[in-house]
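I opened the file and kept notes as I went.

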Amino acid sequence: MSLRRCAECGGYAYGGAPACAACRDLVDGIVERAWAAFLERWDTAAGGRERALAEMVVAEPDRRDWRLVDAALDRLVCPDCGDRLTRGPAGCPACARAHGCRYAAIETDRPGVPPGDEHAIRVNVSVVRRPQVTSESEVLVRRLPPPLLPAGFLPTTEEAQRVSALVKKSPPERRAHLVERAVEAPAEDVSRTRRAAPAGGSSPTSPGTPAATRRRSGRGRSR
């Protein structure tokens with residue numbers, strides 16, 4: 001996947017969410033595409049069984065890919081707050097419980113990406129799609145990886161912590177600019193690596209690199 005700019009907000013695609021509607025749709029699409037494919041396999045269009053399938057997926061998250069679990073949660077109503085399950089306000093007990101259980105779901109690293117890339121995608125997607133339950137600075141930091149992770153760039157823990165600390169100690173009016181700058185350097189590295197890759201060779205995200213890794217993050221593990 002090539003890095004590209006969003007025509008609506010001007011930043012890197014995905015990175016403008018949740019404020020930018022176009023980027024928000026891209027982030028939602030990460031789970032919605034998996035759900036659409038799942039419904040095709042079950043042929044639910046005529047039967048109207050989508051809610052029942054969502055309940056089944058949420059009841060056994062350890063047997064399903066995290067994208068399916070997240071999409072299924074979106075289709076269920078929280079009994080406490082009435083919002084989409086896990087998407088309610090901070091402090092909602094039922095949403096908090098469901099959010100913790102979602103991390104039992106399966107994570108499968110795509111071929112050619114660093115181990116842990118898929119876990120990083122899901123954590124950042126979760127934060128960006130639930131901005132009401134975390135701080136504004138944390139959402140800004142979590143906007144940093146989504147433009148890069150689909151392209152196979154996984155920041156190290158040290159890099160992520162350094163950027164997080166820099167953003168959080170900076171004046172609020174400068175934080176968005178710092179996040180944009182933090183994306184630009186690795187984005188240029190990804191583009192430069194791809195341009196330099198020999199024809200027919202294995203790039204960092206090509207199918208010729210080691211096979212995907214399938215794993216579970218474990219209940220409650222979010223980082």
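This is a predicted model: local features need pLDDT of at least 70, side-chain atom pairs count only at pLDDT 80 or more; totals for chains, interfaces and linings use all residues.

Below are my entries, from the whole chain down to single residues.

**Entry 1: the chain**

Next I listed the secondary structure. I found eight helices and two strands in the protein chain. Along the sequence they run α-α-α-α-β-α-α-α-α-β. Then I checked burial. Of the 223 residues, 44% count as buried. I also looked at the range of the contacts. Taking those between residues at least 6 apart in sequence, 57% join residues at least 24 apart.

**Entry 2: the nonpolar cores**

Which residues touch the most other members of the largest nonpolar core? I got Trp35, Val57 and Trp66, in a core of 34 residues. Two or more residues each come from α1, α2, α3, α4 and α5. Helix α1 gives the most, with seven residues.

**Entry 3: α1 against α3**

Helices α1 and α3 pack at about 90°, and their axes are 8 Å apart. That angle makes α1 roughly perpendicular to α3, because the roughly perpendicular class runs from 65 to 115 degrees. Who makes the contact? On the α1 side I have Ile30, Val31, Glu32, Ala34, Trp35, Phe38 and Arg41. On the α3 side I have Trp66, Arg67, Leu68, Asp70, Ala71, Ala72 and Asp74. I sorted the α1 and α3 contact residues by class: nine nonpolar, no polar and five charged.

**Entry 4: the buried side of α2**

Helix α2 covers residues 50-59, and its buried residues are Leu53, Ala54 and Val57. Why do they sit on the same side of α2? They cover an arc of only 100° around the axis, so they share that side. I looked at what covers the buried residues of α2, and the cover includes α1 and α3. I then took Val57 by itself. Beyond its neighbours within four places in sequence, Val57 is in contact with Trp35, Phe38, Arg64, Leu68, Val69 and Ala72.

I repeated the check on α4. Its buried residues are Ala94, Cys95, Ala98 and His99. Their arc around the axis is only 135°, which puts them on the same side of α4. The cover over the buried residues of α4 includes α3 and α5.

From there I went to Ser126, which is in helix α5, residues 117-129. Is Ser126 buried or exposed? Ser126 counts as buried, because its relative accessibility is 4% and the limit is under 20%. Leaving out residues up to four places away in sequence, Ser126 touches His99, Arg102 and Tyr103.

**Entry 5: the loop between α3 and α4**

I picked two residues in this loop. Arg84 lies between α3 (66-74) and α4 (93-101). Arg84 is partly exposed, with a relative accessible area of 37%. How far apart in space are Arg84 and Asp74, C-alpha to C-alpha? I read 5.3 Å, for a separation of 10 residues in sequence. Not counting residues up to four places away, Arg84 touches Leu73, Asp74, Leu76, Cys78 and Cys95.

Thr86 lies in this loop between α3 and α4 as well. Thr86 is not a glycine, yet its phi is positive, about 80°. Thr86 is buried, at a relative accessible area of 0%.

I ended with the segment before α1. Tyr14 is placed there. Tyr14 has a positive phi of about 85° and is not a glycine. Its 5% relative accessibility makes Tyr14 count as buried. Pro18 also lies in the segment before α1. Which bond joins Ala17 and Pro18? I logged a cis peptide bond, with omega about 5°.

Methods:
Residues are numbered from 1 along each chain as its sequence is written. Side-chain values use heavy atoms; hydrogens and water are left out. Helices (H or I, at least four residues) and strands (E, at least two) are DSSP runs, numbered from the N terminus. Buried means under 20% relative accessible area, exposed over 50%, partly exposed in between (1.4 Å probe, protein chains only). Contact means heavy atoms within 4.5 Å. The arc is that of the directions from the helix axis to the C-beta atoms. Axes are lines fitted to C-alpha atoms, for helices over the stretch in contact, and angles run from 0 to 180 degrees between N-to-C directions. Angles under 35 degrees count as roughly parallel, over 145 as roughly antiparallel, 65 to 115 as roughly perpendicular and the rest as oblique. Ala, Val, Leu, Ile, Met, Phe, Trp, Tyr, Cys and Pro count as nonpolar, Asp, Glu, Lys and Arg as charged, and the others, Gly among them, as polar. A nonpolar core is a set of buried Ala, Val, Leu, Ile, Met, Phe, Trp, Tyr and Cys residues joined through side-chain atoms within 4.5 Å.
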